[in-house]
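A short report on selected contacts goes with the view.

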Amino acid sequence: MNTVLTPIDEYLNKLEAADSKVKNEIENELVNIGKDAVPSLVDSLQVVKGKTRGIVAMVLIRIGESAIDCLTEAAKTNSDFEWIANYLITEIKGGAAA
């Protein structure tokens, strides 16, 4: 089976070896993609580890309200992910209220 990498996957693959400058550039690029990136980012957040996981979480928080529905749906189907999704939703809503 051939695995086709999406542009989101390509960004995420670059993160582990990225220095701070490149990491910030990738984070900003993902945020700029916005809601179109959310499904892939939520899927990735359920499997990535290390600093990549933290960056994906921050991107979803920065994308904001557009990420909430997808996070909610993922939490319904993955009980191990539920607390992470709820935390991110709380952060998004808290940031929106500020």
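## Basis

The model is predicted.

## Helix α1 against helix α3

Two packed helices are described by the angle between their axes and the distance between the axes. Helix α1 spans residues 7–15, and helix α3 spans residues 38–45. Their axes lie 9 Å apart, at an angle of about 45 degrees. Angles from 65 to 115 degrees would count as roughly perpendicular and those under 35 as roughly parallel; α1 and α3 are therefore oblique to each other. The crossing of this pair is right-handed.

On the α1 side, the contact uses Ile8, Asp9 and Leu12. On the α3 side, Ser40, Leu41 and Ser44 meet them. By class, the contact of α1 with α3 holds three nonpolar residues, two polar and one charged.

## Helix α3 against helix α5

Helix α3 also packs with helix α5, residues 68–77. Here the axes come within 9 Å and cross at roughly 35 degrees. This crossing, too, is right-handed. Val38, Pro39 and Val42 of α3 make the contact with Cys70, Leu71 and Ala74 of α5. Its residues divide into six nonpolar, no polar and no charged.

## Helix α4 and its end

Helix α4 runs over residues 50–63, 14 residues in total. From first C-alpha to last, α4 reaches 21 Å. That is close to the 20 Å expected at 1.5 Å a residue.

Which residues of α4 are buried? They are Thr52, Ile55, Val56, Ala57, Val59, Leu60 and Ile63. An α-helix has 3.6 residues a turn, so residues three or four places apart point the same way. Just after α4, Gly64 takes a positive phi of about 90 degrees.

Glu27 sits in helix α2, residues 20–33. Is Glu27 buried or exposed? Its relative accessibility is 12%. The cut-off for buried is under 20%, so Glu27 counts as buried. Leaving out residues up to four places away in sequence, Glu27 touches Ile55, Met58, Val59 and Arg62. Of these, Ile55 and Val59 are among the buried residues of α4.

Ala18 lies in the loop between α1 and α2. At 10% relative accessibility, Ala18 also counts as buried. Beyond its neighbours within four places in sequence, Ala18 is in contact with Lys23 and Lys51. Lys35 is 17 residues from Ala18 along the chain, and the C-alpha atoms of the two are separated by 24 Å.

Methods. Residues numbered from 1 in each chain as written. Predicted model: local features only at pLDDT ≥ 70, side-chain atom pairs only at ≥ 80, totals over all residues. Heavy atoms only, no water. Axes fitted to C-alpha atoms, helices over the stretch in contact; angles between N-to-C directions. Helix = DSSP H or I, 4+ residues; strand = E, 2+ residues; numbered from the N terminus. Parallel < 35°, antiparallel > 145°, perpendicular 65-115°, else oblique. Left-handed = near helix turned anticlockwise from the far one by under 90°. Contact = heavy atoms within 4.5 Å. Nonpolar A, V, L, I, M, F, W, Y, C, P; charged D, E, K, R; others polar. Buried < 20%, exposed > 50% of the residue type's maximum accessible area, 1.4 Å probe, protein only. Expected span 1.5 Å × (residues − 1).
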